[in-house]
Amino acid sequence: MTRVLVGMLVVALGALLIWTMLGLPAPSGRVPALVAAHLNESGVAHDVTAVLLNFRGYDTLLEIGVLLLAVLGVLAVRLAAADTGGTLPPPPGALLRAFTNLVVPLMVLVAGYLLWAGAHRPGGAFQAGAVLAAAGVLLRLSGRLPALLPPRFWLRAGLLLGFAVFLAVALGVTVAGDSLLEYPPAQAGAWITLIEATLTVSIGLILVSLFVGAPAPPGEAGSRGGDA
Amino acid sequence: MTWNEALLWLVLASSLITGLTIFFLPEERHRLRSTLNLAGAFAKLALIAIMLWGVLNEQQYETRYALLPGIDFALRADALAMLFVTLSAVLWLFTTIYAIGYLEGSPHRSRFFGFFSLCVTSTMGIAFAGNLFTFFLFYELLTLSTYPLVAHRGTDKALRAGNIYLGYTLAGGAVLLIGVIWLYSLLGNVEFAHGGVLSGLVPERHGELIVIFVLLIAGLGVKAALVPLHGWLPVAMVAPAPVSALLHAVAVVKAGAFGIVRVVYDVYGIEFAADLGLLLPLAIVASITIIYGSLRALAQDDLKRRLAFSTVSQVSYIALGVSLFGPIGTVGGLVHLVHQGIMKITLFFCAGNLAETLGIHKVSEMRGVGRRMPWTMAAFTVAAFGMIGVPPMAGFISKWYLGLGALNAQMPWVLGVLIASSVLNAAYFLPILYAAWFQPQRGPWPAEQPRGRFETDWRLLLPPLVTAALTLAVGLFAATLFSPLEWAQLIMTREYLR
Amino acid sequence: MSIGLIYAVTGALLFSLGLYGLIVHAHLIRKILAFNIMGSGTFLVLVGLAQRGGEVDPVPQALVLTGIVVAVSATAFALILARRLYAANGRCTLPGEGEA
Amino acid sequence: MSTVLSALLAVNWISWVIGLPLTYTIAAFLSGARAGRMLALPALVLSLLAAVGLSARVLAQGPQRHMVGGWGAPLGIELYADGLACLMLLMTAAIGLFTGWYARHYFARQDTGATYFWPLTGFLLGAMNALYLSADVFNLYVTLELLGLAAVGLVALTGGAAALAAALRYLLAALAGSLMYLLGVALLYGAHGTLALAELGARLVPGPLAWTVIALMTLGLALKTALFPLHFWLPPAHGGAATPVSALLSALVIKASFYLLLRLWFEVFAPAVTIPAAQLLGVLGAGAILWGSWLALCQQKVKMIVAYSTVAQIGYLFLLFPLAAYAPGVESAWYGGVYQAVSHAFAKAAMFLAVGSMVLAAGREDIDQLDGISARLPLSLFSFALAGISLMGLPPSGGFIAKWLLLKAALAGGQWWWVVVMILGGLLTAAYLFRVLRHAFLPARRGKRFRALPPALELSAFGLALGSLALGLWASGPLALLRVGAPFAGASP
């Protein structure tokens, strides 16, 4: 019954949306032009990166906050549930071990490349961080990476690093009387590189922590570190 | 802030500060609490004495600040305000003395006296309110500060009474609020002023004004116990005697009556109200209330309930006087605001004494009590005669002026109402007096517990004796300066001759 | 009908589909998946509609990157809450909603 | 002296209002629970000062515009601080401060979740400040998500199946709401090629797009604000959380999404909104008032009574829209609605903290376990009563001022049916609040034991209650601030 009702409502919504979109006149945005015009002041050569870390860097700053929040939430729930931490999976087979030895250094390399590439072509901190996280997950699955939860000081520092540096830069420039995140045009590139580098580390750590933070399902406890 | 402005704040503070301090006083600090109470009461009286003299000499007492853009919190002391303020302050003093004796050894006294003082503060605020907004502020504050007093005993009966009381007063407040805001949306601001502030309004609006009048009177009528909005009053009788005394003699019912006076004189203006034809219906409602209250009183055996219904009837004399277009009726109504207070508080004090000392709650238990408690019953007798209107007591003055006012206003039928009610007063008071003085005691008293060296604790005995003496005095010396009558005439001249 | 518009229309359909799933499915994992479908739909509309004229607009692409990260964080948190709930009372549905 | 003042005025307060809570979060997470506790009050005081500084500057120099990154709209993100934003910032900072004070002692006794309460709260406050200041629809989406995740994390703090379920329900509702909002953003950008509120307000024209966007965004934000009948997620989340969390959520978080709705309706949608749409929101508000109050009357657990009272009070906020739909009432409706939001925040925070103390002392949550409270915790009961006066809309209280303005708008616009609803709502509120008071007035059963509480728990609640009282005794101040940059010229209630 409810399904039918909801179904009808949702169909109506979809129809409304499509009808609206089909009726729209040609786009009138002047933003792409503006981006192109200011790209050379942005400190990076790739327009999307420029938007992400300069023109709309404030969005990105808060978005790292969202990532951090997810970790905070996960840790809080663990604490409340008095969980001893993801149990270490059983020793993996020789194949996985060898494969890990082979691929993890490669992944770190790729991450580094993506970070560097972001300045002038698709890539950047998030892609790099994601690859790092993947390496971490692999290590975890092959039993090389202990849970490390609840996080000790240095891990917490690592989780916070990107956000902290980003925030420090954002507020730091205001002391000179400029507005939030208003990099001096000359040093914009340098600041952005610093921020991206630290972001990569933190994002990697955050994603891995989210993975490790998942509780082992009851019954099969101790089998795997979680599959969040 | 000038001294005159400060005076107004000080009058409020003298009970507000006391109340708030008492709230946080440890339960067992009885002596300190009593001292604070009395100090506050005497301080208030002194301040008011100064202001009385000032008002008589055309001093202006006014203070205000902008609470909302365009709407002020305004306090002003005019002659009418002083009439109410003086009454409340005097009776607060005696009720406090009485309550200290009455509540000896009972729990939660800090809470009781705290709210007691808040309640008096709200009464002062109602009297001093300089505009309808401020009036409403204190009017609702009064509701909130009296609820804990009605429910004080914490028994199921008391709590149920408290609920009924809240139901009536909150609903009344809501109706009043609608009327008030409606007026504000018409005028932007409604300051009290002699002769009213509405007569300037375009005739198209007069229809709305009539509706608003009905809303205002209905809202105020709940506290003034106009029939059929009086239901809470007899039920609230479960409250401790000092509360009944203060609620019924001063705070709540008088706040309603006083509000009606303000609305008719200083918002609508007596002439304008008469032109709109609002006075006759008000007179009729008041008359019905007077007769109905007396009839119900006849049927009550519970002493406090009988007194309560007598209050329902007597308070409407004020509304009646207001609704008689003309100076003399006004005087009658205003002077009764004071007289009824003094007489009725005496009666409740005495009823409390009987209940506390002998456990007497019913009229039928009062045979021969005159011999056992002569002083109490003497005070009771004086007040009762006053209520009936026997010369030269206070009540006689009120009824005399109301009667004259009725004749002046070409409303002779009101005379009939007055006579009928006097007869009924006699019919429900005289049997009590007869039983108390002339019938022998039958069997032991329900629950005798002697208190103190006299017939009862002196703190219970002194207040009724004093107020009874006042009942005589205001009648005998009605023509002297500062007598309620003289003061009422002062108000009248300032209302009509401007 | 330009490519962008096709993306946008598809996005609208996905959004509606996801909304339907989010409401009618009781099982938490299904709800979370449905939320992700809604999200992807929204992102499609975001990029598609803005570039329906054919020209490239980097802004919506950046916005979508931000949106994806937010969605990932929310999904991770939701999944872990669901796992905790399952560990606590052995149920994969919210109280008051029938088993899936 | 004056130079000092002008220097203070010149400070770039906006960035600190946002930056301080986030900085505190980093410190609190990095250095662990104890440091988080120690740093909390200094940080909260500083954020309050920053909010005061910004408000002073806005009062002195009018609305402030801040171009993040120095680019300005439409390329960059702009922040915008007018009187409305400042009032919300002050409200958030003040309530945050008192609640933080309470939490210091609350979590001192029962340690679950104390570790992460502080960083999560820092994020919560930072997210709200960012939201109040943002003038960019997509940036607003990010702040909404930041706020939502922080709130859900706080709800989950207590652990246990009930809390987890409440948190998950809340999370899913919040996510659905913000995705509807985001879809609206996508349509707006696709159609008008900008994300800046001001530009969108200038370009939006009545038509299918405008109406679809209004429907989507309003629905999403109403879901986040728990407007009846979308309130299903609120009571378990607010009633079940740890007391300081309940206070923060009920007093502040729902106001953030309402604030956004208000901005959108008055500054972006204004040309396209229709009277039936406004009336519909009013009807839902009326439903919330009556249904919420009724459910509050039926609850047995004290904290649930307070939570359902929130559902009801949200209703008054939405009466703003129909009342503002007719010219004569628009200004007092707008002022009244905003004032209702602020005074409800103070009253509700005070009430949750006071009730929390009672529950903590009595050791039970049921209403019939409150006997003896009036003798044992008079100050908490007094705070509860003061807050209750505001919720009932009785003087002297901020709630009364708000009700006065709303009723004035209704009568001026001739919409008497809203008058009836508000009066009924007030009486129902009195009914369920006095139900609590009545139980608290009862003498304690024999042999009943109370837990001793640190005075700070009672004092912090009392401070907030005094705040709601002060809002009723001096309304001209907040309203003067509110008038700076109000969405209609020369407005005064």
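Trainee: How many residues of chain D are in contact with how many residues of chain A, and what makes a pair of residues count as a contact?

Mentor: Keep in mind first that this is a predicted model. Two residues are in contact if their C-beta atoms lie within 7 Å, and by that rule 49 residues of chain D are in contact with 47 residues of chain A. On chain D, the elements that each supply at least two residues to this side are helix 2 (13-61), strand 1 (64-67), helix 4 (114-133), helix 5 (137-156), helix 6 (160-192) and helix 8 (208-225). Helix 5 of chain D gives the most, with eleven residues.

Trainee: What is the make-up, by class, of the side of chain D that touches chain A?

Mentor: That side has 27 nonpolar residues, 21 polar residues and one charged residue.

Trainee: Which two chains share the most contacts?

Mentor: Four pairs of chains are in contact, and among these pairs chains A and D share the most contacts.

Trainee: How many residues does each chain bring to the contact between chain D and chain C?

Mentor: Chain D brings 23 residues and chain C brings 29 residues. The elements of chain D that give two or more residues to this side are helix 5 and helix 6, and helix 6 of chain D gives the most, with 18 residues. By class, the side of chain D that touches chain C divides into 19 nonpolar, two polar and two charged residues.

Trainee: How do you know that chain B and chain C do not touch?

Mentor: Their nearest C-alpha atoms are 36 Å apart, and no contact is found between chain B and chain C. In the pair of chain A and chain B, the closest C-alpha atoms also lie 36 Å apart, and no contact joins these two chains.

Trainee: Why is helix 3 of chain B called largely enclosed?

Mentor: A residue is buried if 20 or more other C-beta atoms lie within 10 Å of its own. In helix 3 of chain B, 23 of the 24 residues are buried, so this helix is largely enclosed by the rest of the structure.

Trainee: What span is expected of helix 3 of chain B, and what span does it reach?

Mentor: Helix 3 of chain B covers residues 79-102, and at 1.5 Å a residue the expected span is 34 Å. From its first C-alpha to its last the helix reaches 34 Å, which is close to that expectation.

Trainee: What makes the radius of gyration of chain D agree with that of a compact globule?

Mentor: With 493 residues, a compact globule would have a radius of gyration near 23 Å, and chain D has 21 Å, so the value agrees with the rule. The C-alpha atoms of chain D fill a box of roughly 70 × 55 × 50 Å along the principal axes, and 71% of its residues count as buried. The secondary structure of chain D comes to 19 helices and two strands.

Trainee: What does the globule rule give for chain C, and what value does chain C have?

Mentor: For 100 residues the rule gives a radius of gyration near 13 Å, but chain C has 16 Å. The C-alpha atoms of chain C fill a box of roughly 55 × 25 × 15 Å along the principal axes, and buried residues make up 58% of the chain. Chain C has three helices and zero strands, in the pattern α-α-α along the sequence.

Technical notes. Residues are numbered from 1 along each chain as its sequence is written. Chains are lettered from A and ligands numbered from 1 in the order in which they are written. This is a predicted model: local features need pLDDT of at least 70, side-chain atom pairs count only at pLDDT 80 or more; totals for chains, interfaces and linings use all residues. Helices (H or I, at least four residues) and strands (E, at least two) are DSSP runs, numbered from the N terminus. Ala, Val, Leu, Ile, Met, Phe, Trp, Tyr, Cys and Pro count as nonpolar, Asp, Glu, Lys and Arg as charged, and the others, Gly among them, as polar. The expected span of a helix is 1.5 Å times one less than its number of residues. A residue is buried if 20 or more other C-beta atoms lie within 10 Å of its own, exposed if 12 or fewer, and partly exposed in between; C-beta atoms are placed from the backbone. The radius of gyration is taken over C-alpha atoms; the globule rule is 2.2 Å times the number of residues to the power 0.38.
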